[in-house]
Amino acid sequence: MFQRERERRGEERRGEERRGEERRGEVKSLGKLFDSSLKDTATIQKSTEELAGWLTKVDKSGLPAMPGAKRETTYFRRRSEQAWRKSEWVGQWDSGSRGHGQVYDALPSPANLHAWGMSETPTCSLCSGRGSLQHLLSSCPKSLADGRYRWRHDQVLKAVAESIALAISTTKHHHAPKKAISFIKAGERPRAGPQITTGLLHTAPDWQLHVDLGKQLIFPQHIVTTSLRPDMIIISEASKYLIMLELTVPWEEQIEGANESKRAKYQELVEECRGRGWRTFYEPIDVGCRGFAGRSLCKAFGRLGVTGTAKKRAIKAASEAAEKATRWLWLKRADPWVATGTQPGS
């Protein structure tokens, strides 16, 4: 009986909502209200204004019974304002931590503008290719020749190098604890000791980091004579350890192919170094141009001994460097390229 009464009231409520929408000339579809123009712009604007008014009232109220509410509301207001500023800066580059516009190819690229009937041609403004988002961000030959993609690559490489330099500095004074024999009384369980971070960087105290930034990196001649230039070399002369890292910043869907290509490129050099008595570790690392870190980057940091919070910070720094640089390339996609410094806009 009670179930039927609840269902009857629910039907009445939904009927009232439908009649109200009809009176206002609105239609509800997929959770959105559309007017006679089949657009939901007015509804979104109204909801935004109502939310802004509510947040203002909450901020002014102080909410004495809920001391943390005002702080939380102010925090979300600030994040919302930052998101809007970001969206204004990049046009339709979405305000989320991973922009929907860039992820789902919804930005106003020449190809999209042409498909939307807003442009006569889908051609890239820098070359004769089809100006898709993938073309603009990773495949334009003119952008490649101008050094745009190299500049972005170096921004990400700088972020990765800074994280590894910090890890080396942290581990230089690290000494492995001496092994001790612990005696356990009969019937007692052994106590779990503290977890010890281990990795390649913890195996030697004399690591030297060389990065292909600024001046051209030259591979150490006393190891092997070669014209190849890995992006990063970490050497321990005392332990005869050699670590090589090669970074690519490709379109996300091409990460796997780029990784295999880089691995094959340096395989002969790795074997030659090992033949000379050097314990060699080589890993091609990838960060997608839209800011998604490849599994290879996580694997490399783990092998080096960068773990836990430090690993999360390092991956986040590399991802943000890629996304920030790509955003800058998007803004300057039709402008003449001038060599810049290490920061966008410098």
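Guide: Contact means that heavy atoms lie within 4.5 Å. This is a predicted model, in which local features need pLDDT of at least 70, side-chain atom pairs count only at pLDDT 80 or more, and totals for chains, interfaces and linings use all residues. Residues are numbered from 1 along each chain as its sequence is written, and side-chain values use heavy atoms, with hydrogens and water left out.

Visitor: What is the order of the strands in the open sheet?
Guide: Two strands pair if DSSP finds at least two bridges between them. The edge strands, each pairing on one side only, are β3 (208-211) and β6 (279-286). The pairing is mixed, and the order is β3-β4-β5-β6.

Visitor: Which residue in β6 is the bridge partner of L247?
Guide: Strand β5 (residues 241-248) runs parallel to β6, and 8 bridges join the two. Within β6, L247 has as its bridge partner I285.

Visitor: Which helix packs on the sheet, touching β5 and β6?
Guide: Angles run from 0 to 180 degrees between N-to-C directions, and axes are lines fitted to C-alpha atoms, for helices over the stretch in contact. The direction of the helix makes about 150° with that of β6. The helix, residues 295-304, is α10.

Visitor: How is α10 oriented relative to α11?
Guide: The axes of α10 and α11 (residues 308-331) come within 10 Å and cross at roughly 140°. Angles under 35 degrees count as roughly parallel, over 145 as roughly antiparallel, 65 to 115 as roughly perpendicular and the rest as oblique. Therefore α10 is, relative to α11, oblique.

Visitor: Which residues in α11 do L297, C298, F301 and G302 in α10 meet?
Guide: The two helices cross in a right-handed manner. The four residues of α10 meet, in α11, K311, A314, I315 and A318.

Visitor: How is α8 oriented relative to α11?
Guide: The axes of α8 (residues 148-171) and α11 come within 9 Å and cross at roughly 160°. Their contact includes W151 and V156 of α8, and A318 and W328 of α11. The crossing angle makes α8, relative to α11, roughly antiparallel.

Visitor: What percentage of the 346 residues in the chain is buried?
Guide: Buried means under 20% relative accessible area, with a 1.4 Å probe and protein chains only. By that criterion, the buried share of the 346 residues is 36%.

Conventions. Buried < 20%, exposed > 50% of the residue type's maximum accessible area, 1.4 Å probe, protein only. Left-handed = near helix turned anticlockwise from the far one by under 90°.
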